[in-house]
Amino acid sequence: MPQPSHGAATPAPSHGTGDSVAAFFDVDNTMMRGASLFAVARNTYRRRLFSLRQAASFAIKQFFFTLRGETIGDIHSVRDSALSIARGIPVSLMTEIGDEVYDEFISSRIWPGTRALAEQHLRSGRQVWLVTATPTEVAEVMASRLGLTGALGTEVEKADGHYTGRLVSSILHGPAKAAAVFQLAEHTGLDLAQCWAYSDSSNDIPLLEAVGHPVAINPDAKLRRHASEQNWPIYDYRAGRRAAIWGLKALTASGAAYGAWRTLGRFARRR
């Protein structure tokens, strides 16, 4: 298993196995590079489910996500936009979109190191769950394609096989992820003190603190500081540390802007 850049070693196969133990993985920038929700938006646009103006809005948000990582404002903005788009869409169509998104966007962006960690847990007999703000139907497709136990995602209300455009509960982000994991543990008998959790974002500190074995993967600056203070393992699968790659960061941002411009150009030509 890969060695962490800081802190204690990650799971040993002989420790904490069985139905009462699980590993929980955030998705965006933890299991994969980038944001899965933006890929869902792109594919729903291709099906003419929303307008070019909305596509431009998503492209701009993707640009800033690439530049600075996620913020709670970004998440809420995407949530509101996505819910307005989802109203009236068949649930079966979203599952179909989930398959497309995995094949066209997600599969090539999985971090090999993170996937290896998940597979190590599976070989050790532990459950492995994705925990993400992405709609449950898309998250479940991703978990299935990766051979994982299951997924906890944002639940959108359904009626007669269609989305109503309303959430069943809060978007699965920040403290809501920890609440979902506590609920799963209560219903299935998981011993959270023996469980693992992995994330890149300081927004997920409540999730990481909910388990006995928290691990930071590709952490943002705040999570890196917190993980160092708590002596949590840190894995970084990116080309370099944020503090030392301002030039690369600027190049990535300009590349994202160019990519967004090219994407919008293709969208416009298709109309």
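**Note on the predicted fold**

1. The protein has ten helices and eight strands, where helices (H or I, at least four residues) and strands (E, at least two) are DSSP runs numbered from the N terminus. This is a predicted model, in which local features need pLDDT of at least 70, side-chain atom pairs count only at pLDDT 80 or more, and totals for chains, interfaces and linings use all residues. Residues are numbered from 1 along each chain as its sequence is written, and side-chain values use heavy atoms, with hydrogens and water left out.

2. Of the 271 residues in the protein, 51% are buried, that is, under 20% relative accessible area (1.4 Å probe, protein chains only).

3. Six strands make up an open sheet, ordered S3-S2-S1-S6-S7-S8, with parallel pairing; two strands pair if DSSP finds at least two bridges between them. At the edges are S3 (150–154) and S8 (234–235), each of which pairs on one side only. S7 and S8 are joined in the parallel sense over two bridges, and Ala216 stands opposite Ile234 in S8.

4. Helix H5 packs on the sheet and touches S1, S2, S6, S7 and S8; contact here means heavy atoms within 4.5 Å. The direction of H5 makes about 160° with that of S1. Axes are lines fitted to C-alpha atoms, for helices over the stretch in contact, and angles run from 0 to 180 degrees between N-to-C directions. Helix H7 (residues 175–188) also packs on the sheet, touching S1, S2 and S3, and its direction makes about 140° with that of S2.

5. The largest nonpolar core has 36 residues, of which Phe25, Met31, Ile106, Leu130, Met142 and Tyr198 touch the most other members. Such a core is a set of buried Ala, Val, Leu, Ile, Met, Phe, Trp, Tyr and Cys residues joined through side-chain atoms within 4.5 Å. Among the elements that each supply at least two residues of this core are strand S1 (22–25), helix H5 (112–123) and strand S2 (127–135). H4 gives the most, with eight residues. Apart from this core lies another, of 24 residues, including Ala216 and Ile234.

6. Met31 deserves a separate remark. Leaving aside neighbours within four places in sequence, Met31 is in contact with residues including Phe25, Trp111, Leu130 and Met142.

7. H4 and H6 pack at an angle of about 50°, their axes lying 8 Å apart. H4 is therefore oblique to H6, since angles under 35 degrees count as roughly parallel, over 145 as roughly antiparallel, 65 to 115 as roughly perpendicular and the rest as oblique. Residues of H4 including Val91, Tyr102 and Ile106 meet a set in H6 that includes Val138, Met142 and Leu146.

Notes:
Buried < 20%, exposed > 50% of the residue type's maximum accessible area, 1.4 Å probe, protein only.
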